[in-house]
Amino acid sequence: MIRKVLLAMLITAMAGALSACNDVNTELKAPTYKTGLPEDTITLSAFKDQFPNEYETYMWNNRDKEMTVYKGSIPYHKQDNVNPLPRGYKYAQPYLKNLWMGYPFQYEYNETRGHTRALNDFINIDRLNRYEKKALMPATCWNCKTPKMVNWIKQYGDEFWSKDANEFRSVEEINQVENSIACATCHNPATMELQLYSVPLQDYLKRSGKDWSKISRNEKRSLVCAQCHVEYYFTVKGNGPTAKPVFPWDNGLDPENMYEYYKSHGAKNADGKEGPFHDFIHAVSKTPIIKMQHPDYEMWSNGPHGAAGVSCADCHMPYMIQNGKKFSSHWMTSPLKDPTMRACRQCHYDKTPEYLRARVIYVQEKTYDQLLKAQEASVRAHEAIRLASIWDGARADNYDELLRDAREANRKGQMFWDYVSAENGVGFHNPAKSLNTLMTSMECSNRAAQLAEQATNYGISPALAGDIKTIVPPILTLSRKLQQNREFLDKDAWTRLLPTLPEHEQVWFGQYYSENGVAPKEAAATEWNFKNE
């Protein structure tokens, strides 16, 4: 009798396990639809009536204002860890403005508020110039913000990329609610099959000989995320269509592969050979810097979940049942925000929510601690090179060579730090790669500082001794408006090296342009600020 009971219990447990696995068996045939919608449909509301569950959960992204321990949907300034929420956050990184000195990222870098608000966040960030009619940034920046890209590319072709971003920001050009990242970003509107709108991902698949029609559905459930949650760069003039986005994956997806890739693909020299690529020259150290974007796909790809075939959607869009129907949640968010940890327990059904949550936070805590150390090492490298470049004492015989090598080590150190910093998992998508990448970052940054010291016969060493936060205080406040003020810039040894911007009043207010600097009444609907949150 006991054996029969035990056997029944075992069968029940196995059935439960198989049920859990079936929930993530994404190779089951997907339902097919004939929506009656044109294939070029890009408006969100067009899908509402036929897909009410998906639409409702997608709109949950609007109400999402909850923080996890290290991330969240509140748009705090990511460098500001001194003010209370929502303006600051205890796990912000104080040196971001320092490390991006000389690049528009120095003006504003916020935690994102999700897909529903992607256009609103983009239109109102200080990186997009609002003090001149032109943004002084390429239209490429729209690529990951809206499926309207399909229309624009069809209209302009490759000429689109190098147009000015502000040409497309008005209410006449785009609706920030209807045209945000939504259904048409990942689905064919006529059939709801997964499809790509991303030109750079289409280009990469073609380069690598991959046929979308032959890729498994499970892989597609991650590739549609890889349209945007990736590292990319803008093509340099003369190397193809100017400012066209490209995924630097030809050598592989790891930071070492990208570092090697970026040794070329830059501006061509007099012999027609491509030099090293860089996004900007750091204003303080004059180091050519590669700005990482958000390599979530690359980090996940060979991590524990990616290697096991668990897709992005399995964790961030888990199946749920509502109104008697099973469907993928379109509340694209962290599994940590669900008290039941349902997304994780589809596979880890034998673990409690408390255990799973603790494991995630443990990994993130260890990664974040090392992230701050790598960040500080990078700042020290920039400062060492700055001091060495103005050193008027005795110099090493190979001074120029040492500074050149210092800048290259500095470039690699910052790129490897940013590979982890710009990625959204805070280490969890790939703990081993995250910590290894940060270790390499610190090694390179420390070597850069040592080479700079050696170039000056260690004359600058006393100035670099001690806590870097005292030597180079974090720059927590800097904006386009403040850069118009020479008196403000001269207060800090680093900002002093920035050029003064011409004085000008704001002319863009959300999606509205006003030559006289007076915001039209309609602008209130398309602007936001931290006080509104």
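Tyr109 counts as buried at 13% relative accessibility (buried is under 20% relative accessible area, exposed over 50%, partly exposed in between, with a 1.4 Å probe and protein chains only). Trp100 is buried too, at 0%.

This is a predicted model: local features need pLDDT of at least 70, side-chain atom pairs count only at pLDDT 80 or more, and totals for chains, interfaces and linings use all residues. Residues are numbered from 1 along each chain as its sequence is written, and side-chain values use heavy atoms, without hydrogens and water.

**Aromatic pairs**

The whole structure holds 32 aromatic pairs. Rings of Phe, Tyr and Trp (its six-membered ring) pair if their centres lie within 6.5 Å; planes under 30 degrees apart are stacked, over 60 edge-to-face, the rest tilted. Two of the pairs are tabulated.

| Pair | Centre to centre | Between planes | Class |
|---|---|---|---|
| Trp100 and Tyr109 | 4.7 Å | 85° | edge-to-face |
| Tyr156 and Phe168 | 5.9 Å | 80° | edge-to-face |

Tyr156 lies in helix α5 (residues 149–156) and Phe168 in the loop between α5 and α6 (183–186), so the pair ties together parts twelve residues apart in sequence. Helices are DSSP runs of H or I, at least four residues, numbered from the N terminus. Tyr156 is partly exposed at 26%; Phe168 is buried at 1%. Both belong to a ring cluster that also includes Phe122 and Trp142.

**Helix packing**

The axes of α14 (residues 353–389) and α15 (residues 399–421) come within 10 Å and cross at roughly 155°. That makes α14 roughly antiparallel to α15 (angles over 145 degrees).

Methods:
Axes fitted to C-alpha atoms, helices over the stretch in contact; angles between N-to-C directions. Helix = DSSP H or I, 4+ residues; strand = E, 2+ residues; numbered from the N terminus. Parallel < 35°, antiparallel > 145°, perpendicular 65-115°, else oblique.
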